[in-house]
Amino acid sequence: MAHVDNYIGWVKDAHAMEKQAESMLEKMAGRLEHYPDLKARIEQHIEETREQQVLVQSVIDRYDTSSSTLKDTLGKISAMGQAMGGMMADDEVVKGAISGYVFENLEIASYTSLIAAAELVGDLEGVRIFEQIREQELAMADWCLTHLPDVTVQFMIRSETPGVKAKK
């Protein structure tokens, strides 16, 4: 398999990953009621994620190929399964915050790999795009890690307060 074939396959994977991220983030934001800072940051990242999809698609389009509808669909199904599983947990907001941090790091690793692949195949525009996206993912991961203690403490305090919902 040629370098470009691997590269385009990974770019398509990144597109599917961003579709999955959008679906997961929308479900999480839609369920949050008592954590306004977390909800606001997730909503901001949903917009970034939509922009990232357009950027990744622009790389795919330059190579005259289409994104993988199957991968995009499977990503959305996976995201729905994750969201449904989280809805069942009494500590949904904490588990969701942890999962968000983990997913951001998956994206960081994916874009780091894509940058190396883009450099190898000589796609300088791809390098620029993937570096831009990686910076957004690094910022979101940093935000998640920095605010995870606050979300955890808020949840614990709310869960011990009679008549107060802590879950979401």
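Which residues does glutamine 52 touch, not counting residues up to four places away in sequence? I opened my notebook with that one, and I kept in mind that this is a predicted model.

**Entry 1: glutamine 52**

I looked up the neighbours and found Glu18, His45, Ile133, Gln136 and Glu137. I then checked where glutamine 52 sits, and it lies in helix H2. Next I asked myself: is glutamine 52 buried or exposed? Its relative accessibility is 0%, and buried means under 20%, so glutamine 52 counts as buried. I also looked for a polar partner. The side chain of glutamine 52 makes a polar contact with the side chain of glutamate 137, at 3.3 Å. Glutamine 52 and glutamine 132 are 80 residues apart along the chain, while their C-alpha atoms are separated by 9.0 Å.

**Entry 2: helix H2**

I followed H2 from end to end. This helix covers residues 36–62, which makes 27 residues. From its first C-alpha to its last it reaches 40 Å, close to the 39 Å expected at 1.5 Å a residue. I then stepped just past the end of H2, where aspartate 64 takes a positive phi of about 55°.

**Entry 3: the whole protein**

The protein has five helices and zero strands, and from the N terminus on its elements run α-α-α-α-α. Of its 168 residues, 43% are buried. I looked at contacts with a separation of 6 or more, and 81% of them join residues 24 or more positions apart.

**Entry 4: the cores**

Which residues touch the most other members of the largest nonpolar core? I found Tyr7, Val11, Val56, Tyr111, Leu114 and Phe130, out of 21 residues in that core. Helices H1 (3–31), H2, H4 (92–121) and H5 (124–160) each supply at least two of its residues. The largest share, seven residues, comes from H1.

Not counting residues up to four places away in sequence, valine 56 touches Val11, Ala14, His15, Tyr111, Phe130 and Ile133.

Methods. Residues are numbered from 1 along each chain as its sequence is written. This is a predicted model: local features need pLDDT of at least 70, side-chain atom pairs count only at pLDDT 80 or more; totals for chains, interfaces and linings use all residues. Side-chain values use heavy atoms; hydrogens and water are left out. Helices (H or I, at least four residues) and strands (E, at least two) are DSSP runs, numbered from the N terminus. The expected span of a helix is 1.5 Å times one less than its number of residues. A nonpolar core is a set of buried Ala, Val, Leu, Ile, Met, Phe, Trp, Tyr and Cys residues joined through side-chain atoms within 4.5 Å. Buried means under 20% relative accessible area, exposed over 50%, partly exposed in between (1.4 Å probe, protein chains only). Contact means heavy atoms within 4.5 Å. A polar contact is a pair of N or O atoms within 3.5 Å; within protein, one must be able to donate a hydrogen and the other to accept it, and residues adjacent in sequence count only if both atoms are side-chain atoms.
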